[in-house]
Amino acid sequence: TTPYITNSYSLDKAIKGWGIGFTWINNHAGETSVRNNNILGSMAYKINVDAFSSITAGVQFGVYQRSINNGQLTFNNQYIPNIGFDPSQPSNEYLITERVSSTDVNLGLLWHTKRDKIDFNLGIALSHLNKPNISLFQENEEELEQKIVFYGSLAYKVKRNLHLIPT
């Protein structure tokens, strides 16, 4: 059997309060070569609220693509009793295509404050806002589910090179 393989690549750069980036995530699964690709461009902007705090807002926009190798698929009605598998038998499965593509939109917001010995972050990320359809079947709609992630972190500076970070 072929294992499930995930590759992920990211690149980002800060430029005068702005952040720009690129992300590519590729999943490849099993004998049928089910592949999911997500290619996203990112942009964020940081606003200083006061001398200690800032708010950063970001957006990602890109393409989500799903594909499958139909030639590797087998179905129950292609198995003939007392004979075995017959690939010439119709599968009676109706795939739109071996590949489907949709746009993908994500948003994020982060509040950061640093006072005395405390460094604190609080954020939220909203993924797949447009619920892209990723179904390969004609009579079916399969939306990529929206996801909400809350984020928080705290670091307490004990000494110059020693921080206490709860997990």
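## A tour of the strands and surface patches

Start with β3, the element that gives the most to the nonpolar patch, with three residues. You are looking at a predicted model, so keep that in mind as you click along.

**Select the nonpolar patch.** Pick Ile15, Trp18, Ile20, Met43, Tyr45, Ile47, Val59, Leu107 and Leu129, which form this patch on the surface and together have about 770 Å² of accessible area. Two elements, β2 (18-29) and β3 (34-48), each give two or more residues to the patch. To see one member in its place, centre on Ile47, which lies in strand β3.

**Zoom out to the whole chain.** Colour by secondary structure and you will find 10 strands and zero helices. From the N terminus on, the order is β-β-β-β-β-β-β-β-β-β. Now turn the model: along the principal axes, the C-alpha atoms fill a box of roughly 80 × 30 × 25 Å. The radius of gyration of the protein chain is 23 Å, while a compact globule of 167 residues would have one near 15 Å. If you colour by accessibility, buried residues make up 20% of the 167 residues.

Where does Lys117 sit? Look in the loop between β7 (99-115) and β8 (118-127). Show the surface around this residue: Lys117 is partly exposed, because its relative accessible area of 41% falls between the 20% limit for buried and the 50% limit for exposed.

Conventions:
Residues are numbered from 1 along each chain as its sequence is written. This is a predicted model: local features need pLDDT of at least 70, side-chain atom pairs count only at pLDDT 80 or more; totals for chains, interfaces and linings use all residues. Side-chain values use heavy atoms; hydrogens and water are left out. Helices (H or I, at least four residues) and strands (E, at least two) are DSSP runs, numbered from the N terminus. Buried means under 20% relative accessible area, exposed over 50%, partly exposed in between (1.4 Å probe, protein chains only). The radius of gyration is taken over C-alpha atoms; the globule rule is 2.2 Å times the number of residues to the power 0.38. Patches are made of residues with over 30% relative accessible area and no salt bridge: like charges are joined within 9 Å, nonpolar side chains (Val, Leu, Ile, Met, Phe, Trp, Tyr) within 5 Å. Accessible areas come from the Shrake-Rupley method with a 1.4 Å probe; for residues, only the protein chains shown count as cover. A salt bridge is a side-chain nitrogen of Lys or Arg within 4 Å of a carboxyl oxygen of Asp or Glu.
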